[in-house]
Amino acid sequence: MDRHSDDAVAWDRLAGYQVREGRDENAADSIKRALTLEEPIRKRLLSKVPIAVVPTSALVWTEWGMILARMGKQDDSLAAHEAAVDFDPGSTLSWMMLGATQQQFGRFDAARQSLIRSIELVPFNRQAVGELEKLAKSPQDFARSLVDYDAALSKKSDVIVFHHNRAYALAELGRFAASVAAYRRVLAANPSAIGVRANIGAMLLASGDLGGAIAEYETVVQTLNTDAEAAMKLGFLYSQADRREDAIRSYRSALEHGNAEQKAQAQSALKNLGAAQ
């Protein structure tokens with residue numbers, strides 16, 4: 001490192017190697033050195049252009065935040081990731097890592113907003129999309145969530161994860177018909193998303209449309225013909241509709257393909273229908 005001892009990026013790269021080797025304390029020292037070297041650069045730039053950002057500084061702060069998270073220093077880690085987006089508000093990586101860290105530490109509303117911002121900057125950032133999908137079912141303020149997704153869709157109407165998570169928020173708020181419409185928007189963009197069709201079926205059932213729910217789950221089972229969970233749900237729907245023979249067929253499919261718990265549930269359901277085997 002001697003000939004690069006005044007190069008912040010070199011210290012940052014060294015920290016990356018040290019992290020991969022499990023040397024977190026050494027990596028922390030290297031990151032601190034990189035930050036120390038970059039601070040005068042940032043100050044000089046800010047004295048000339050008040051809105052200047054230093055993208056390499058954002059990267060250093062992001063990696064520093066990751067190291068602090070590995071060390072279990074929650075508040076320090078979050079502060080480092082917040083510093084990263086302050087250095088470069090246009091960095092999709094920094095917003096994504098801030099959101100992922102907020103999610104890791106249970107700050108789900110803040111995480112949602114950070115991940116939305118990351119995706120707004122680069123809509124096809126798959127890692128950020130994955131993090132936001134994972135966040136959908138986490139405990140959060142779903143009314144606020146709906147506002148956030150509506151605002152995001154007003155800017156990026158073709159981002160499917162926004163539609164998907166908005167549909168889930170609507171369901172949590174008891175707005176089942178609106179949730180179905182939102183899920184159908186997702187399904188139109190990705191007809192093979194069979195899990196979305198199952199969600200539509202669940203929302204139709206919740207809104208009292210038993211026939212519609214059965215139709216959706218029949219499609220799910222036709223596609224996933226060895227999925228015991230889907231067969232169990234369809235069997236239940238058939239039972240609710242007094243379609244005994246169809247229910248028996250679905251429960252027997254679950255009995256054939258399910259795990260031990262699902263087999264036991266299917267046996268119980270078949271017994272209740274007088275068709276135990």
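These exercises cover an aromatic pair and some salt bridges in a predicted model. Local features need pLDDT of at least 70, side-chain atom pairs count only at pLDDT 80 or more, and totals for chains, interfaces and linings use all residues. Residues are numbered from 1 along each chain as its sequence is written, and side-chain values use heavy atoms, with hydrogens and water left out.

**Exercise 1.** Describe the ring pair of F142 and Y168.

*Solution.* 
- Apply the rule: rings of Phe, Tyr and Trp (its six-membered ring) pair if their centres lie within 6.5 Å; planes under 30 degrees apart are stacked, over 60 edge-to-face, the rest tilted.
- Take the values: 5.9 Å centre to centre and 50 degrees between the planes, a tilted pair.
- F142 is in helix 8 (residues 142–155) and Y168 in helix 9, so the pair ties together parts 26 residues apart in sequence. Helices are DSSP runs (H or I, at least four residues), numbered from the N terminus.
- Check burial (buried is under 20% relative accessible area, exposed over 50%, partly exposed in between; 1.4 Å probe, protein chains only). F142 is buried at 13%. Y168 is buried at 17%.

**Exercise 2.** Find what K155 and E120 form, and which helices hold them.

*Solution.* 
- Apply the rule: a salt bridge puts a side-chain nitrogen of Lys or Arg within 4 Å of a carboxyl oxygen of Asp or Glu.
- K155 and E120 form one, with the closest N and O atoms 3.6 Å apart.
- K155 lies in helix 8 and E120 in helix 6 (residues 108–121), so parts 35 residues apart are tied together.
- K155 is exposed at 57%. E120 is buried at 11%.

How values were computed. Helices (H or I, at least four residues) and strands (E, at least two) are DSSP runs, numbered from the N terminus.
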